[in-house]
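Visitor: I am new to this structure. Please show me how to read it.

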Amino acid sequence: MLHDPEALLDAELPRDRAPHEALVTAVLAWKDPDLAPRDYEQIALQLTGHARAVAADVQRLAATLPKSDGRGALADVILREADGRLSAPLKGTARCVQNRARLVQALYTRLDRLTEPAPAAP
């Protein structure tokens, strides 16, 4: 990992979204997986890293919104939740991996809403 306190490198790299969404879909479809704990940990690490990257994108976009845009407040809520969930230690379980997958899914949902045009004022 590179030392990049201003996240300059991260801001210029596009997300490889499709493979991660496919991973999220596969993980959330699990009914009774029987993987070794280290395999669950590896998948959780992959999802955790991607969740952090998407959360950074959400934070950057939310910071550009005017204070009167409610999408920024909603982004703050999901970012606080993401921070709490990402600070929890990883476990070598399907439940842990599925929780990380749900987080990636929620972050992408928020990212998509931030990239949509602002709703028209009534």
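Visitor: Is Arg71 buried or exposed?

Guide: Buried means under 20% relative accessible area, exposed over 50%, and partly exposed in between (1.4 Å probe, protein chains only). Arg71 has a relative accessible area of 13%, so Arg71 is buried. This is a predicted model, in which local features need pLDDT of at least 70, side-chain atom pairs count only at pLDDT 80 or more, and totals for chains, interfaces and linings use all residues. Residues are numbered from 1 along each chain as its sequence is written, and side-chain values use heavy atoms, with hydrogens and water left out.

Visitor: With which residue does Arg71 form a salt bridge?

Guide: A salt bridge is a side-chain nitrogen of Lys or Arg within 4 Å of a carboxyl oxygen of Asp or Glu. Arg71 pairs with Asp69, and their closest N and O atoms are 2.8 Å apart. Asp69 is also buried, at 13%.

Visitor: How many salt bridges are there by this rule?

Guide: The count is five. One of them joins Arg17 to Asp112, with 2.8 Å between the closest N and O atoms. This pair links distant parts of the chain, as Arg17 is in helix H2 and Asp112 in helix H5, 95 residues apart. Helices are DSSP runs (H or I, at least four residues), numbered from the N terminus. Arg17, Glu21 and Asp112 form a network of salt bridges.

Visitor: Which residues of H2 are buried?

Guide: They are His20, Val24 and Val27. Seen down the helix axis, the directions to their C-beta atoms fall within an arc of 70°, so these residues line one face of H2. On the other side, Ala18 and Thr25 are exposed.

Notes
Helices (H or I, at least four residues) and strands (E, at least two) are DSSP runs, numbered from the N terminus.
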